[in-house]
Amino acid sequence: MFFKARRRVDVRHERDGTSRELIRHSYYRCEFATVAVTHSLFALEHVLAERLAAKEPIHVLIERASDAGLFTAGFAAELDRSRQLRDKLIQGSESSAAIHPLRAVATVRAVFDAVSLLLRPPSTTEATAADVGGAQPDGGLARLWEDHLHALFPHGFRGVDFDGVDLVLLDADVAGLVQRELKGGLDDSAIAYLRGLIADLDKILPLINEEYCASYFTRLRTMAQVAAAPYLPPAT
């Protein structure tokens with residue numbers, strides 16, 4: 001049993017790492033964003049099949065997982081929208097540029113939140129399933145996130161780093177953690193990582209001398225701070 005669980009976790013981390021790299025490269029070639037979403041669904045399908053002990057199409061597995069209370073109906077609907085995008089790509093009714101990189105971040109994060117939930121022991125999965133995809137996001141953070149989704153990444157800054165900080169990866173990592181916060185909250189490791197990203201933003205902002213790029217990453221820092229605010233220790 002231990003080795004079976006270990007193998008599932010290894011598969012999840014392998015898929016997660018590949019999808020993350022695909023998203024990173026999607027800032028250079030936009031079609032990689034759709035590939036990242038498609039690739040992440042392989043992990044979801046694999047884990048769902050093992051958890052439910054069933055070999056059925058992924059949309060049936062998602063529905064069955066929702067019926068079993070493994071995650072909410074709303075979260076299941078979000079996952080199924082990702083599945084439909086993959087199917088449209090396979091059928092040729094959508095192009096490989098069907099999804100913006102930032103939306104890919106949100107979608108891939110949702111898929112791997114589901115995978116993480118499915119890999120938990122049954123005793124904790126039922127207790128936390130209602131929290132995933134069911135939390136009401138803070139209005140301020142949700143508004144910042146929506147604005148960020150519509151903002152174009154600064155032209156000419158793909159592949160650029162300041163003081164060792166890759167701007168594309170910084171943008172994608174902050175976006176992924178903000179989406180997790182909106183979906184139900186951050187665990188201790190994610191909070192620590194987000195604080196590190198804020199420190200990176202503080203480091204690179206004084207080095208950016210282009211107006212739009214500076215404003216883009218200033219807004220990103222504001223969004224990161226709002227996401228981290230609930231986890232700051234109370235003032236004394």
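How many of the 17 residues of H8 are buried? The answer is 17 of the 17, so H8 is largely enclosed by the rest of the structure. Buried here means under 20% relative accessible area, with exposed over 50% and partly exposed in between, using a 1.4 Å probe and protein chains only.

Some ground rules. This is a predicted model: local features need pLDDT of at least 70, side-chain atom pairs count only at pLDDT 80 or more, and totals for chains, interfaces and linings use all residues. Residues are numbered from 1 along each chain as its sequence is written, and side-chain values use heavy atoms, without hydrogens or water.

Now the overview. The protein has 10 helices and 2 strands. Those are DSSP runs, H or I of at least four residues for helices and E of at least two for strands, numbered from the N terminus. In sequence order the pattern is α-α-α-α-α-α-α-β-β-α-α-α. Of the 236 residues, 45% are buried.

Back to H8, residues 167-183. Its expected span, 1.5 Å times one less than its number of residues, is 24 Å, and its end C-alpha atoms are 24 Å apart, which agrees. At the start of H8, a side-chain oxygen of Asp166 comes within 2.9 Å of the backbone nitrogen of Val168. After H8 comes Gly185, with a positive phi near 115 degrees.

Next, a helix pair. H3 covers residues 58-67 and H4 covers residues 73-91; their axes come within 9 Å and cross at roughly 175 degrees. The axes are lines fitted to C-alpha atoms over the stretch in contact, with angles from 0 to 180 degrees between N-to-C directions. H3 and H4 are therefore roughly antiparallel, a label for angles over 145 degrees. On the H3 side, the contact (heavy atoms within 4.5 Å) is made by Ile58, His59, Ile62 and Ser66. H4 brings Ala73, Ala76, Leu79, Asp80, Arg83 and Arg86.

What does Ala110 touch, beyond residues up to four places away in sequence? Phe75, Glu78 and Leu79. Ala110 lies in H5, residues 101-119, and is buried at 2% relative accessibility. From Ala110 to Ala76 is 34 residues in sequence and 10.0 Å in space, C-alpha to C-alpha.

Last stop: His148, in H7, residues 139-149. Its relative accessible area is 5%, so His148 is buried. The side chains of His148 and Tyr216 are joined by a polar contact of 3.5 Å.

Terms used: Angles under 35 degrees count as roughly parallel, over 145 as roughly antiparallel, 65 to 115 as roughly perpendicular and the rest as oblique. A polar contact is a pair of N or O atoms within 3.5 Å; within protein, one must be able to donate a hydrogen and the other to accept it, and residues adjacent in sequence count only if both atoms are side-chain atoms.
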